[in-house]
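Open the model in your viewer and keep the sequence beside it. This tour goes from one selection to the next.

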Amino acid sequence: PPFFFFTHTRQYPIPLRLVGSEMCIRDSPYDIEYEQLGFHVIDLLSIGKVQYTPWPSGNTLYQGCNVTVSGVVTADTAQFNSSYGAYALQDGTGQWDGLIFSTDQLELITRGDNITITGLATDRAIGDEYGYKLDGNTRLINSTITVNSSGEDLSDYQLVSCEDLHQIADEVESYEGVLVLVNNVTISSIGDYDWSITDASG
């Protein structure tokens with residue numbers, strides 16, 4: 001399907017056409033070498049369309065827009081209740097196919113549930129959220145959830161190395177929210193909120 005970019009260099013509100021009659025108003029970016037806006041002319045929006053961006057910012061093209069996507073839950077209520085504080089789903093087994101999301105109320109969902117969610121796409125911390133934790137992470141917030149079915153297979157994942165997932169790796173953005181497997185790792189440090197691991201790749 002066709003895709004459109006906006007390349008304004010001044011700050012004007014730009015309407016984005018989404019699925020159905022949904023409209024979204026965004027400001028054009030300050031630096032079009034770093035980030036641009038756009039939208040896909042498509043009836044069913046995939047997670048990959050929301051996640052993928054060719055621009056260095058890594059920000060979703062749908063920043064500030066309400067979108068609807070479907071997929072299989074890979075991080076469920078148990079993960080949400082941990083310090084992770086988010087759910088995750090994906091609609092494929094490749095890079096860019098995963099997405100994290102949150103809701104206003106606790107949702108009882110299980111890994112393997114096939115769901116449809118509608119939420120606000122953002123790469124920025126909102127309100128009193130911590131920017132160091134959330135800025136740069138594409139996610140849907142204030143989401144509403146419909147469970148379509150349960151018991152989907154979760155055996156399809158991306159086999160990766162620590163080098164692929166390093167913070168400065170060339171394609172690390174594409175693994176955001178994606179279910180991955182890393183073999184033969186060593187825990188190198190344990191922090192208050194996360195762990196660090198290493199393997200033969202570094």
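Select Ile187, which counts as partly exposed because its relative accessibility is 44% (buried is under 20% relative accessible area, exposed over 50%, partly exposed in between; 1.4 Å probe, protein chains only). Ile187 sits in strand S12 (strands are DSSP runs of E, at least two residues; helices are runs of H or I, at least four; both are numbered from the N terminus).

This is a predicted model: local features need pLDDT of at least 70, side-chain atom pairs count only at pLDDT 80 or more, and totals for chains, interfaces and linings use all residues. Residues are numbered from 1 along each chain as its sequence is written, and side-chain values use heavy atoms, leaving out hydrogens and water.

**Stop two: Gly48**

Now select Gly48 in helix H1, residues 47-51. Gly48 counts as buried because its relative accessibility is 15%. Beyond its neighbours within four places in sequence, Gly48 is in contact with Asp91, Trp96 and Asp97 (contact means heavy atoms within 4.5 Å).

**Stop three: Asp97**

Move to Asp97, in the loop between strand S6 (87-90) and strand S7 (98-101). Which side chain of opposite charge is nearest to Asp97? Lys49, 8.7 Å away; Asp97 is buried yet has no salt bridge (a side-chain nitrogen of Lys or Arg within 4 Å of a carboxyl oxygen of Asp or Glu; Lys and Arg count as positive, Asp and Glu as negative, and His and the chain ends are not counted). Leaving aside neighbours within four places in sequence, the contacts of Asp97 include Ile47, Leu89 and Val178.
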